[in-house]
Amino acid sequence: MDKVNLSVAIIPMSHQYGWSSSTAGLVQSSFFWGYALSQLPGGWLAKLIGGRTVLKAGVLVWSLSTAVIPVVAGFMPGLVLSRILVGIGEGVSPSAATDLIARTIPLQERSRAVSVVFGGLAFGSVLGLLFAPPIIQNLGWESVFYIFGLLGIIWCLVFESVQELQPDLENTSAGSNGQVSSSVPSKSSDSSLEEITDSLKDVPWGEFFKSKAVWAMIYTHFCGSWGHYTCLSWLPTFFSEELNLNLTDAAWVSILPPLGSMVITSIAAPFADNLISSGVDTTKVRKICQAIAFLSPAAFMMLSSVDLGLPPWVVVAFLTGGISLSNFALSGLYCTHQDISREYASILLGITNTVGAVPGIVGVALVGYLVDTTHSWSMSLFAPSIFFYLTGTAVWLTFASSEPQDFNKLASESLTEGNQ
């Protein structure tokens, strides 16, 4: 909700402050500066002190930062800083959630768990795009940030009262039968500075980057984020300017892709879990799901970008279908971090999400610049996304793997070989 509120509010804000598309792109991309910076620290902290603690802190930071946006909106450095802080708060949250899932959910149920948790992104987008326009039109654009920020603070208070039930998976052994793949030491939030430093040194960073599967995850995350973040930020403006829809209609139409994503998620998750339970190789399942997630939006964006004289509702239908099907990635890429290493799942997501945040910084701003210079939404929004979807598919099908990897053992072997 706090990602999409600005994509709607940016339209009246641009009119009030006289911002060009390039300036609006800068404002929207500043969120991703903080989002990129907080990925690795978020993953490491989730492993060190637990995802629950990190998640609460993240939501509180981004909610307070959202609530102050109207106060600083007229001062560009202050506005950019507030959005960076929103990005930092949101940036630690995926790794925190991944840590909780990796430590408590067995493989056969993991696709559904990831889809339910991260499906909240689509659900929040629907709620944000549904409520933001009437709030803005009736109470002013400032009110949407006050209200959404308050909701986050209320969430923190409710989450604090929720008791955590954690299954005893800590000592479950690894196996190819789809059960838990590695033991994970219990954590304490009472870590000394020395323990914190040692824990950072103990992470086998080098082994991560020797793995072809990790590199495939990194590039695939980058490619998926390019299409997702640029569309999330610019589709309301595209619908408003290119399809000549007013603010309310543009926002209503923008609801369709995340709404479709929720439907696809409910199909993709049991589809993947059922295949794995029936004995299909996990890597093959992840490759199938990710290929669907990338090739579908690429095909529909191609159709939308070609001047075929299509009526607006057909273009909307194409984009809705393509973006919705991209949610098959929740049963592809987004499960692979947990598949290959329960212990380091949060850190691996932190690594891939750091690179995945770059399109939010570069891509969102670049689309605004290209719109100003080329006046072509096909060249500015769709062509780069199509390129990354296709190349991402090729890399994923070639190098991706869900085979569990004991990075600690690999690091020890490398150290032993180096000492001989």
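**Figure 1. Contacts across the whole predicted protein.** Of the contacts between residues at least 6 apart in sequence, 83% join residues at least 24 apart. This is a predicted model, and its secondary structure comes to 19 helices and 0 strands. Buried residues account for 55% of the 420 residues. As for the surface, the protein exposes about 17,400 Å², with carbon and sulfur atoms supplying 66% of that area.

**Figure 2. Helices α14 and α16 packed against each other.** Here we look at α14, which spans residues 282-305, and α16, which spans residues 333-340. Angles over 145 degrees count as roughly antiparallel, so that is how α14 and α16 run relative to each other. The crossing of the two helices is left-handed.

**Figure 3. Residues where α14 meets α16.** Moving in to the side chains, who is on each side? From α14 come Thr282, Arg286 and Gln290; α16 brings Leu333, Cys335, Thr336 and Asp339 to meet them. Sorted by class, this contact has 3 polar, 2 nonpolar and 2 charged residues.

**Figure 4. Asp307, in the loop between α14 and α15.** Follow the chain to the loop between α14 and α15 (312-325), and you will find Asp307 there. Is this residue buried or exposed? With a relative accessible area of 74%, Asp307 is exposed, because the cut-off for that label is over 50%.

How values were computed. Residues numbered from 1 in each chain as written. Predicted model: local features only at pLDDT ≥ 70, side-chain atom pairs only at ≥ 80, totals over all residues. Heavy atoms only, no water. Helix = DSSP H or I, 4+ residues; strand = E, 2+ residues; numbered from the N terminus. Buried < 20%, exposed > 50% of the residue type's maximum accessible area, 1.4 Å probe, protein only. Contact = heavy atoms within 4.5 Å. Areas by Shrake-Rupley, 256 points an atom, 1.4 Å probe, with all protein chains shown as cover. Axes fitted to C-alpha atoms, helices over the stretch in contact; angles between N-to-C directions. Parallel < 35°, antiparallel > 145°, perpendicular 65-115°, else oblique. Left-handed = near helix turned anticlockwise from the far one by under 90°. Nonpolar A, V, L, I, M, F, W, Y, C, P; charged D, E, K, R; others polar.
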